[in-house]
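Please look over the structure shown here.

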Protein chains: 2
Amino acid sequence: MAQKPSIPKGTRDFGPQEMARRNYIFNTIREVYALYGFQQIETPAMENLSTLMGKYGEEGDKLLFKILNSGDFLRGIGEDDLRTGATGHLAALLCEKGLRYDLTVPFARYVVQHRDELALPFRRYQIQPVWRADRPQKGRYREFYQCDADVVGSDSLLNEVELMQIVDTVFSRFGIRVCIKINDRKVLTGIAEMIGAADKIVDITVAIDKLDKIGLDNVNAELREDGLSESQIEALQPIVTLSGTNSEKLSVMRQVLAQSQTGLRGLEELQFVLSRYKGAAQLEFDLTLARGLNYYTGCIFEVKAMDVEIGSITGGGRYDNLTGIFGMPGISGVGISFGADRIYDVLNQLDLYPQEVTTATQLLFVNFGDAETDYCLPILAQARAAGIRAEVYPDAVKVKKQMQYANAKGIPFVAMAGETEMQQGKITLKDMATGEQACIDASELIDRLRR
Amino acid sequence: MAQKPSIPKGTRDFGPQEMARRNYIFNTIREVYALYGFQQIETPAMENLSTLMGKYGEEGDKLLFKILNSGDFLRGIGEDDLRTGATGHLAALLCEKGLRYDLTVPFARYVVQHRDELALPFRRYQIQPVWRADRPQKGRYREFYQCDADVVGSDSLLNEVELMQIVDTVFSRFGIRVCIKINDRKVLTGIAEMIGAADKIVDITVAIDKLDKIGLDNVNAELREDGLSESQIEALQPIVTLSGTNSEKLSVMRQVLAQSQTGLRGLEELQFVLSRYKGAAQLEFDLTLARGLNYYTGCIFEVKAMDVEIGSITGGGRYDNLTGIFGMPGISGVGISFGADRIYDVLNQLDLYPQEVTTATQLLFVNFGDAETDYCLPILAQARAAGIRAEVYPDAVKVKKQMQYANAKGIPFVAMAGETEMQQGKITLKDMATGEQACIDASELIDRLRR
C-alpha cells in the first residue's frame, strides 16, 4: 500500500468523538451568547491582504498565510522583482489575499463596510477558524477556532458587566470552577504616571505578579533590576503589597492614585463593574493583570480555571478605536474571546462532558437478512420520528461483527428481530451496558429509548 | 473618511439575519444526519497540494487556491525556475498547501489516514466551507459550504434507501416539496452496451431529457445529429418514450436490457431502493439522469424543488473506489450532498422560515439611567435563567432611539421600569407588534415571554 497521506503540520482532523465534544463547547458558548442578545455573523476565510497587513505588528505580517494569485500570477512581475530576493516585496506582488489571522480585524472591517446597515450598539458573536503560520508546538496550532463576542458603539460599562455574566453563565454550564481577574488599563496608566515610568508598566506588573512565589524582597530586587529608582520602588510599595477584598483594594488604590485623574477614572470603572456583577464565579480586582494587546484602553479581564493548571482560558477588554484603522474613528467596543482549545483540555482533564454529548446513535437494528430488515424498517422509521437517533446495520454479516460495531460506536441499545419476533409482532431490545434483553413491541421500545 | 474596505470577489459576509437563516438550514441537516446515525468530522481548510492535485481533472487543478510557503519561499528556487514562466511548475515550488476544493477528497484522505481507528461501515457527515478560484457569477461563489454525508465500507443498498429517507426527512422539515430523481449508472452502461455506443451515453440522455419540450421527432433528429445510426435510434425508441409508474418503467427496461448483465443488475438495484423507500417526497426512476462526476458507479440521484425554478438542490450516488487514489482500494461508498446556497434561495423565495428562527433577542429592557437599570438587572438575570434571550440597552439615551433599536433588531417585547414601577415592584411589558402594554410583576413577565 502507498504511503499514508497526511495533513499539513499544525493542522488537525477532528474525528466523531472529538467533534461531539467540540460541538458541545461551541454550542454552549453559542447558546449563551444568544441568551445575552448577541447575533452571529460570519466573514470570509480570505481577506484582502490590504485589510490584514500592518494590523498585527511586523511579526504578525510574517505569520499571515498568503494565497497565490490565481491564473498567471507572474504577469506584471519584472525580472528585477524576482531577483531582489526581498520576499516581503515579492509576496505582495504574488498574493492579493490572505487567510484571516483573528476575528477582530475582520469584524472591524465588517463594521466599517456595513455601517449603514447596522443598528448600533451592535452585539455580534463569531465562531470561526483562524490561521497563523506559527511554529507548531504543543497546544499551538496553525488552524484553530476563535469564539468572540463584541459590543461596538456603546461606551456603557453595563457591557462589561454583561460580559462578566456571560463568563459566569458559560463556565457554570460547563461545570468548570473559574476565577475572573479584572483590571483597567487606566489604572495601569495612573500608576505609570504616578511614578513617572510609563515605559516600565509591563515590567512592574510582571514583577508584582511574583509576590506570592518569591516574596516582597525579591519583587523589590526585580523592580530595581528593571531600572526603577528607590523612590519609585518606595512609591510602589502599597501596590506591591495590595491585598484584601475588592473594596479594600479599591480603597487603597484611590489613595495611591489620588493625583491621577486617569487612574481614578479606571478605579470608578472597576467599581461600577464589580458592584453590579452577580455570579457564582469569583470576580477579583487583580492589579497585575496587564494583557499584551495594546489596543485595550479600559477594563481588561482574564479567566483562570481553579482546578486545572493551565493559562488563561478566556479573556477580553475594552478598546476605544478599533474601526479607526479602516477610517471610521470614535467607535468604542468591548469584547470577549473564549479559548475553545484550552476549554477542551480542561473539560477532558476534569471529565466534565455530559453523557448525552458523546452518545451518537442510540439504537442499532441488527441485520439478519432482507426479510428481517424489511420487518425492522417501519420500526426504525417510527423510532426516528420519535426523535431517537437510530440506524440499521446495512449488511447481513455475523452478529458478532455487528455487536462489535455497536460497541466501537458506543451505541447503548441494540434491536433484533428474527422469526420468533416477526411472528409475534415484537422486537428484542438489548441493553449493551447490562446485557439485559426484553422482547417487547415497537411502541414500548420507543418509550424505553425516549426515557 | 477613507475608502470603504472590501472583501475578495466571490466571497461573502453573512450578517445576523442571513446567519440565522443559514444556521436553520445547517442545523436541520445536521439534526437529520445525526438522527440517521451519521457522525460529524472536520478536516483542515488547508490540505497538502499532493493530496488535492490531480483529483479534479486539469481544470480543477487550476481552480485550487494555493498557499504561498511561509518564511523564505524563494529558497531553493533557481533563476531558471523563475524565468521559464511556466506558472504550474513555479506554483508547485512556491506552494506546498492548498485550500480544500470539496469535502470528498479530504474525506477519502481521512479514511485512509485513520483507517486503523475507524469502525466500518463508517457513516460520517461534514459541513464545512470549500474554496474554488472559479470566475465569480450569480449564484457561484469562491467560498461556499458543502453539507455532505457518506457511508463507506458497505455495499448494501440499504444505504441508498437511507439516503432517500434523509432527503425526505430534511425537505419535509423545511416544508419544501421535492421530487427525487433516481437512476443507476449500470443502467446507462447497459444502454450503451446494447446499442454499441458507450461514448455517446451522455449525448443520448441529454437528447432524451428534451422529449417533453421538443417532442419525439426532434429528439430523434438530435440523436441523428449526435451521430447515431437509424438502427441505434430504432433500438432506443422504447427508452426515449419510456413513461408510466416506476414499476412500468422497470418492466419495460428489463426487456430492453435483457441482454446486458450490467444493465439488469442496475435495474435490480433500483428495484431494491424503490420498493423500500417510504416517504412523502416522490421518488422517480428517471433514465435521463446521468450526473457529471465520473466516479459514480451505481445508484445516482438528484433532488428538484417542485415549486421553484432552480437546478438540482441535492444530489449524490454510489462510488466504488474513492480511497483507491490514496492507495486503499476496494472500499465502496455512497454519499449525498445538500446544496445549502440553493436551499437558502428556495426557502427565501417560498418564505418558509419558521418565525422563531429569525427572532434573536426576545426581550429588551429600556435604560432610563443607573437606578432604573439596577432595578432591572435582577429581572434580566431571572429572564435569562428561564431561557429567554434578553438584553438591556446599555446607554441611557432617548427612549425613541431605544425603541428604534428594538425595531431594527426585530425584538418583539420591551420591558420598562420607571419610578412608578420601581415603587410597586412591577415592570411594564410592551408588545412591539400590537403596542399593548401591561404593568406586571417579574414572574408574570417571564411566564408571558415563555409562552
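The points below go topic by topic.

This is a predicted model, where local features need pLDDT of at least 70, side-chain atom pairs count only at pLDDT 80 or more, and totals for chains, interfaces and linings use all residues. Residues are numbered from 1 along each chain as its sequence is written, chains are lettered from A and ligands numbered from 1 in the order in which they are written, and side-chain values use heavy atoms, with hydrogens and water left out.

**Where chain A meets chain B**

- Chain A and chain B each bring 98 residues to the contact (heavy atoms within 4.5 Å).
- About 8400 Å² is buried between the two chains, and carbon and sulfur atoms give 60% of that area. Buried area is the accessible area (1.4 Å probe) that two parts lose on being put together, summed over both.
- There are 35 residue pairs in polar contact across the interface, with both residues at pLDDT 80 or more. A polar contact is a pair of N or O atoms within 3.5 Å; within protein, one must be able to donate a hydrogen and the other to accept it, and residues adjacent in sequence count only if both atoms are side-chain atoms.
- On chain B, helix α16 (residues 370-385) gives the most to the side that touches chain A, with six residues. Helices (H or I, at least four residues) and strands (E, at least two) are DSSP runs, numbered from the N terminus.
- That side of chain B has 49 nonpolar, 23 polar and 26 charged residues. Ala, Val, Leu, Ile, Met, Phe, Trp, Tyr, Cys and Pro count as nonpolar, Asp, Glu, Lys and Arg as charged, and the others, Gly among them, as polar.

**Salt bridges**

- Side chains of opposite charge can pair when their charged atoms come close.
- The whole structure holds 48 salt bridges over all chains (a side-chain nitrogen of Lys or Arg within 4 Å of a carboxyl oxygen of Asp or Glu).
- B:R123 lies in strand β5 of chain B and A:E391 in strand β13 of chain A, so their pair joins two chains. Their N to O distance is 3.6 Å.
- Between chain B and chain A, the count is 10 salt bridges.
- B:K181 and B:D286 form a salt bridge at 3.9 Å, N to O. B:K181 is in strand β7 and B:D286 in the loop between β8 and β9, 105 residues apart. Both are buried (under 20% relative accessible area; exposed is over 50%, partly exposed in between; 1.4 Å probe, protein chains only).
- B:E391 and B:K409 form a salt bridge at 2.7 Å, N to O. The two residues are 18 residues apart.
- Shared partners join A:R123, A:E162, B:R384, B:E391 and B:K409 into one salt-bridge network.

**Cysteines**

- How many disulfides does the structure hold over all chains? The count is zero (a disulfide is a pair of cysteine sulfur atoms within 2.5 Å).
- For B:C376, the nearest cysteine sulfur is that of B:C439, 12 Å away. B:C376 is buried, at 3% relative accessibility.

**A buried asparagine**

- A:N183 sits in strand β7 (residues 178-184) of chain A. Its relative accessible area is 0%, so A:N183 is buried.
- The side chain of A:N183 reaches the backbone oxygen of A:L289 at 2.8 Å.
- A polar atom of the A:N183 side chain lies 3.5 Å from the backbone oxygen of A:D286.
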